[in-house]
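Here is a short briefing on one protein model. Look at the strands and the space inside.

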Amino acid sequence: MQGLVVPPGHGKRIVTGAQDVTFKVTGVHSMAASSFEVVVPPGFDVGAHVHARSEELFYVLEGELELLAFEPVVRGGDSWSEWEGDSGQRVCRAGPGSVMFVPPGCPHAFANRGEVAARMFFQSSPPSHHERYFEELLELLEAPGGVDDAAVAELRRRHDIEQLTPLRFDA
C-alpha cells in the first residue's frame, strides 16, 4: 500500500483561455474522489448546474469567487447571481479559506467577477467523472468560433450535469 505525494506544479495540467486545471488525485489513485487545482480567470462563470449523483467540495486558495450552493425559490433566467433561497440564502463572495460543499441534487455555481485570477482546490466524488469531463470541456472551450452551447449541454448531460444557466467566459 502506497500513498501519493504531488509536489507544487505537478500533475496533469490542461490549460485554455477559460481555465487552468491540474489533476492532483485521479480515479487511478482514489476510490473516493478526484482532486484538482483550478485557476479561474476573470470573467469565467461555470453556470448554475446540479448533479444527481455526484458531490463536490470547493476550497478557495487565492482571489475571490462568487459561490452558490442552495435551491433557489425560482430556477430561472440566464444568471444565477441574484437567486435567493427559501430561507434567504444568497450568493456569497468568498475569499481564501472559504469552503463550499455541494451534496447530490443541490444547485451550485462559481464565477470570478473580479479582475485577477482566483485559485481553488476542487474535489469531486465519485472519482473519474470530472476527469474526463474537464478534458472534454476544455477542448470545447478552445474550439475556434467561441463556445458551442449545444455541445457543452450535451457534454454536461453525459456527465450527470443538469445545466441551469449558461457557462460563460471572457476570452
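**Sheet and cavity**

Seven bridges link strand S3 (residues 34-40) and strand S10 (residues 118-125), and the two run antiparallel. Two strands pair if DSSP finds at least two bridges between them. Strands (E, at least two residues) and helices (H or I, at least four) are DSSP runs, numbered from the N terminus.

This is a predicted model: local features need pLDDT of at least 70, side-chain atom pairs count only at pLDDT 80 or more, and totals for chains, interfaces and linings use all residues. Residues are numbered from 1 along each chain as its sequence is written, and side-chain values use heavy atoms, without hydrogens and water.

**The sheet**
- Glu37 stands opposite Phe121 in S10.
- An open sheet of six strands runs in the order S1-S2-S3-S10-S5-S8, with antiparallel pairing.
- Its edge strands, S1 (12-15) and S8 (99-102), each pair on one side only.

**The cavity**
- The whole structure holds one cavity of 30 Å³ or more.
- A cavity is a set of points on a 1 Å grid over the protein atoms alone, where a 1.4 Å probe fits but cannot get out; lining residues have an atom within 4 Å of a point.
- The largest cavity has about 120 Å³ of space, the volume filled by probe spheres set on the points, which are joined across faces, edges and corners.
- Its lining has 16 residues, and Val46, Phe110, His130, Tyr133 and Phe134 lie nearest the centre.
- Helix H1 (129-142) is among the elements that give two or more residues to this lining.
- H1 gives the largest share, four residues.

Technical notes
1 Å grid on protein atoms, 1.4 Å probe; cavity = no way out; pocket = protein on both sides within 12 Å on 5 of 7 lines; lining within 4 Å.
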